[in-house]
Amino acid sequence: MTNKKQIFIRLGIFLLLSFGMTFAMFFIYILTSGWTINSSWYGVISSAAMFCPAIANILTRLITKEGFSGSLFVMKFKGNIRYIAFALIFSVVCSIITALCTCIFLLPSGSLEKMTRNIDIPVFLSTILYVTALSIISMLPGFGEEFGWRGYLTPKLEKLMPFPAAIVISGIIWGLWHAPIVACGHNFGTNYAGFPWLGIILMCISCIGFGLYLTALTRITGSVLTASIAHISINNIIGATSGAMLMSVDGYESISEKLSSGIEYPLLTMIVLFVMSITAGMVLLIIKKRKTKNTVSDNSKVKE
């Protein structure tokens, strides 16, 4: 049985590699391009960084001779298609709620009525289909993170502490890992009080909620690949589909600059995602618990 000292050592190596590779890439990027996301190299660097946790997982297992048993690198289609569909629908619902809340809380009075009256349904549906297909095809970057965070970090923390604490700690670690891109203006922009520290704190909070949801998906399907699809679908769908809805508001062009220049819109998006992730994660964990209970009960009957 692996003792706690071994787990701490393995976690230390994993975190050193994950943060070391990511921060080293961004250090070079910032030296050459500055603290900005408006560089042709930003997309390359941020995409490459997403693979660092997966690489760290692999290297840690090789360095410590742990092996790959229990790595969750498997796709179990039987019985899991419903959860992949759930993950994709979840992202669309998050997008719709984000757009509705934006109209209610951030846009001028009457914007919600204008959006529901003017929305181009064919364009909206085609946008959903396009980004959903894109999310399934381009799940590799999501796997880069999920194989590290849900495939290594969270399971190791669960051996050291209760599940709720593991989710909180893993979320904070995941949020801190995002510090370079938050400091460059990704997610929350740069025009807010407390930049970039407030943004990093908000990212940690967001990662706790989203991490619970992704961990629950991983648990119920027994695979990080399902969580990878869920992860990348949020990245792709929430902005595209909510944007397709908001563009139906009269005068959106003049309002969009205001939305993109402050922290209000990304903060509202974060709140929606956090609340829905916590809710969905709890529901999935309850379903998982019932499935496990039923399996144990069935096995007991067979033995009898």
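Author: We will go through the core, the rings, the pocket and the backbone. Keep in mind that this is a predicted model.

Reader: Let us begin with the core. Which residues touch the most other members of the largest nonpolar core?

Author: Phe90, Phe188 and Tyr213 do, in a core of 57 residues. Helix H10, residues 197-221, supplies the largest share, with 12 residues.

Reader: Take one residue, then. What does Phe90 touch, not counting residues up to four places away in sequence?

Author: Phe90 touches Tyr213, Ile234, Leu273, Met276, Ser277 and Ala280, with those sequence neighbours left out.

Reader: Now the rings. What describes a pair of aromatic rings?

Author: Two values do: the distance of the centres and the angle of the planes. In this model, a search of the whole structure finds 13 aromatic pairs. One of them joins Phe143 and Phe147. Their centres are 5.1 Å apart, with 20° between the planes, and the pair is stacked.

Reader: Why are Phe143 and Phe147 separated by about one helical turn?

Author: Because they are four residues apart in helix H7, residues 140-158.

Reader: Is each of them buried or exposed?

Author: Buried means under 20% relative accessible area. Phe143 has 12%, so this residue counts as buried. Phe147 has 3%, so this one is buried too.

Reader: Which pair is edge-to-face?

Author: Tyr192 and Phe195 form such a pair. Their ring centres lie 5.5 Å apart, and the planes meet at 85°. Tyr192 is buried, with a relative accessible area of 10%. Phe195, at 30%, is partly exposed.

Reader: Which residues do ring pairs link into a cluster?

Author: Phe86, Phe90, Trp174, Phe210 and Tyr213 are linked that way. You have met Phe90 and Tyr213 already, in the largest nonpolar core.

Reader: Where do charged side chains lie over rings?

Author: Look at Trp174 from the cluster. Arg150 lies over its face, 4.3 Å from the ring centre. Then look at Tyr152. The charged end of Lys156 sits over that ring, 4.2 Å from the centre.

Reader: On to empty space. What shows where it is left?

Author: Rolling a probe the size of a water molecule over the atoms shows it. Here the largest pocket has a volume of about 1200 Å³. It is lined by 45 residues. Closest to its centre are His186, Asn187, Met203, Asn235 and Ile238.

Reader: Which helix gives the largest share of that lining?

Author: H11 does, with nine residues. This helix spans residues 224-246. Other elements give two or more residues as well, including helix H1 (4-33) and helix H13 (264-303).

Reader: Last, the backbone. What values do most residues and peptide bonds have?

Author: Most residues other than glycine have a negative phi, and most peptide bonds are trans. Now for the cases here that go the other way. The peptide bond from Phe195 to Pro196 is cis, with omega near -5°. Pro196 lies in the loop between H9 and H10.

Reader: Which residues other than glycine have a positive phi?

Author: Lys65 is one of them, with phi near 60°. This residue is found in the loop between helix H3 (52-63) and helix H4 (81-105). Lys65 counts as exposed, at 77% relative accessibility. Asn187 is another, with phi near 75°. Its place is in the loop between H9 and H10. Asn187 is partly exposed, at 37%.

Terms used:
Residues are numbered from 1 along each chain as its sequence is written. This is a predicted model: local features need pLDDT of at least 70, side-chain atom pairs count only at pLDDT 80 or more; totals for chains, interfaces and linings use all residues. Side-chain values use heavy atoms; hydrogens and water are left out. A nonpolar core is a set of buried Ala, Val, Leu, Ile, Met, Phe, Trp, Tyr and Cys residues joined through side-chain atoms within 4.5 Å. Buried means under 20% relative accessible area, exposed over 50%, partly exposed in between (1.4 Å probe, protein chains only). Contact means heavy atoms within 4.5 Å. Rings of Phe, Tyr and Trp (its six-membered ring) pair if their centres lie within 6.5 Å; planes under 30 degrees apart count as stacked, over 60 as edge-to-face and the rest as tilted. A charge sits over a ring if NZ of Lys or CZ of Arg is within 6 Å of the ring centre and within 35 degrees of the ring normal. On a 1 Å grid over the protein atoms alone, a cavity is a set of points where a 1.4 Å probe fits but cannot get out, and a pocket is an open set with protein on both sides within 12 Å along at least five of seven lines; lining residues have an atom within 4 Å of a point. Grid points are joined across faces, edges and corners, and a volume is the space filled by probe spheres set on the points.
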